[in-house]
Amino acid sequence: WSRGLGDVYKRQGLHIVGQAVNGIPGTPDADIDAPEAWGMSRVDADEVVVAVIDTGVDTMHPDLQPVLWTNGGEIPGNGVDDDGNGFVDDVYGWDFINNDNDPMDDNGHGTHCSGTIGAAANNGIGVVGVSPNVSIMALKFLSAGGSGSSADAIDCLEYATMMGVNLTSNSWGGGGFSQAMADAIADAGANNALFVAAAGNSSSNNDVNPHYPSSYDLDNVVAGASTNHNDELSSFSSYGATSVDIAAPGSDILSTLPGNSYGVLSGTSMATPHVAGALALIEGRFPAIDALDAKALLLNFADPLDNHDGVVLSGSRLNAFWPIAEPDSIPPAQI
Ligand code: CA
Ligand code: CA
Ligand code: CA
């Protein structure tokens with residue numbers, strides 16, 4: 001961690017020591033304790049695959065290339081579906097809009113989310129993700145303009161489930177209830193996968209006005225609201241005492257953008273990959289853990305918010321460290 005705790009990290013919400021953001025002083029320790037989590041000697045998440053279901057990922061970005069998932073069963077570029085999964089030359093994932101093997105990001109959103117989850121550490125450039133040795137699978141269903149169809153989103157999720165992915169990060173929402181989407185998420189759950197979803201940016205109570213997919217009432221959904229650098233609910237963030245599970249940093253988040261660049265974005269879209277990254281650390285720390293046990297650890301070992309009444313189910317903001325801090329505090333997972 002030679003680049004340690006520079007301003008870049010602080011702006012990511014990973015570690016805050018009271019620095020100002022946009023001229024507003026921050027609250028010390030209103031962060032997710034990522035450096036503390038990284039100090040855990042046994043955390044090695046490179047076997048953990050997180051599927052980012054979004055606008056794609058800039059697979060050329062030098063801060064993401066080291067952490068891209070690659071399909072070990074596929075010989076790239078030979079025009080043959082070597083692993084027989086129905087997708088030809090699917091090396092990094094798949095583009096379900098154009099139905100091709102190049103999930104390149106032509107928007108920026110998916111690349112930003114990916115950097116928050118797992119941008120490479122100790123490479124002397126840019127930013128560091130919450131879980132910087134994870135493997136990121138790029139699944140694209142949102143266009144350059146940021147829109148996409150439920151059918152393509154379902155295809156992304158079904159691909160991830162087929163490939164045995166235990167964690168998907170879903171920084172998107174809109175549209176009404178879809179039984180087909182609910183079924184796909186439930187099927188992921190039946191295959192021990194968590195579905196992390198953004199609560200939405202309409203400042204509304206999802207308990208009253210459901211927001212999908214984050215509001216699907218399924219055990220394997222982990223819905224995330226956004227907090228700012230003072231541990232307050234972000235002004236844009238939707239919330240819900242029963243339908244939103246946890247809050248995480250989502251205001252003024254610096255991360256990767258296409259074209260070897262970086263930028264600051266805000267939204268529950270930015271909170272969601274913090275949650276996914278923390279879950280990847282849990283799965284890396286406890287490789288055999290049941291998905292719902294990982295979710296319980298995440299929700300139970302978080303930092304209580306001062307004014308949390310009615311905000312989120314856990315009443316807490318994400319902490320990446322405490323869920324993996326005490327190896328003897330949870331029973332070993334069933335294998
Ligand atoms: Ca294939
Ligand atoms: Ca091939
Ligand atoms: Ca980096």
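Biologist: Is Asn78 buried, partly exposed or exposed in this structure?
Modeller: The model is a predicted one. The relative accessibility of Asn78 is 32%. Buried means under 20% and exposed means over 50%, so Asn78 counts as partly exposed.

Biologist: Which residues coordinate the calcium ion (ligand 1)?
Modeller: The donors lie at 2.2 to 2.4 Å from the calcium ion (ligand 1). Their spacing in sequence is E-x6-D-x1-D-x1-N-x1-F-x2-D. With angles of 77 to 159° among the six donor atoms, this site is irregular. The residues are Glu74 (OE), Asp81 (OD), Asp83 (OD), Asn85 (OD1), Phe87 (O) and Asp90 (OD).

Biologist: Is Phe87 buried or exposed?
Modeller: Phe87 gives its O atom to the calcium ion (ligand 1). Asp83, another donor to that ion, is partly exposed, with a relative accessible area of 27%. Phe87 has a relative accessibility of 16%, and because buried means under 20%, Phe87 counts as buried.

Biologist: Which residues form a ring cluster with Phe87?
Modeller: A search of the whole structure finds ten aromatic pairs. Ring pairs link Phe87 into a cluster.

Biologist: What is the arrangement of the rings of Phe321 and Trp322?
Modeller: A pair of aromatic rings is described by the distance of the centres and the angle of the planes. Phe321 is buried at 16% relative accessible area, whereas Trp322 is partly exposed at 38%. Their centres are 5.0 Å apart, with 55° between the planes, and the pair is tilted.

Biologist: Which side chain makes a polar contact of 2.8 Å with the side chain of Lys140?
Modeller: Lys140 lies in strand 5 (residues 135-140) and is buried, with a relative accessible area of 1%. Beyond its neighbours within four places in sequence, Lys140 is in contact with residues including Trp94, Phe96, Asp106 and Cys156. A polar atom of the Lys140 side chain also lies 3.2 Å from the backbone oxygen of Leu142. The partner at 2.8 Å is the side chain of Asp106.

Biologist: Which elements do the buried residues of helix 4 pack against?
Modeller: Helix 4 covers residues 150-162 and reaches 18 Å from its first C-alpha to its last, close to the 18 Å expected at 1.5 Å a residue. Among its buried residues are Ile154, Cys156, Leu157 and Tyr159. Just after helix 4, Gly164 takes a positive phi of about 80°. The buried residues pack against strand 3 (49-54), strand 4 (93-95), strand 5, strand 6 (167-170), helix 5 (179-190) and strand 7 (194-198).

Biologist: What separates the C-alpha atoms of Phe286 and Ile324?
Modeller: Phe286 is in the loop between helix 6 (268-285) and helix 7 (291-300). It is buried, with a relative accessible area of 12%. Phe286 and Ile324 are 38 residues apart along the chain, and their C-alpha atoms are separated by 8.3 Å.

Biologist: At the start of helix 7, which backbone nitrogen does a side-chain oxygen of Asp290 reach?
Modeller: The buried residues of helix 7 are Ala291, Ala294, Lys295, Leu297, Leu298 and Leu299. They pack against strand 7, strand 8 (221-227), strand 9 (246-249) and helix 6. The side-chain oxygen of Asp290 comes to within 2.9 Å of the backbone nitrogen of Leu292.

Biologist: What share of the residues in the protein is buried?
Modeller: The protein has seven helices and 13 strands. Of the contacts with a separation of 6 or more, 70% are between residues 24 or more positions apart. Among the 335 residues, the buried share is 58%.

Methods: Residues are numbered from 1 along each chain as its sequence is written. Chains are lettered from A and ligands numbered from 1 in the order in which they are written. Side-chain values use heavy atoms; hydrogens and water are left out. Donors are N, O and S atoms within 2.8 Å of the metal (3.2 Å for Na, K and Ca); water is not among the atoms, so sites may look incomplete. Four donors count as tetrahedral if all angles lie between 85 and 135 degrees; four count as square planar and six as octahedral if opposite donors are over 155 degrees apart and all others between 65 and 115; anything else is irregular. Buried means under 20% relative accessible area, exposed over 50%, partly exposed in between (1.4 Å probe, protein chains only). Rings of Phe, Tyr and Trp (its six-membered ring) pair if their centres lie within 6.5 Å; planes under 30 degrees apart count as stacked, over 60 as edge-to-face and the rest as tilted. Helices (H or I, at least four residues) and strands (E, at least two) are DSSP runs, numbered from the N terminus. A polar contact is a pair of N or O atoms within 3.5 Å; within protein, one must be able to donate a hydrogen and the other to accept it, and residues adjacent in sequence count only if both atoms are side-chain atoms. Contact means heavy atoms within 4.5 Å. The expected span of a helix is 1.5 Å times one less than its number of residues.
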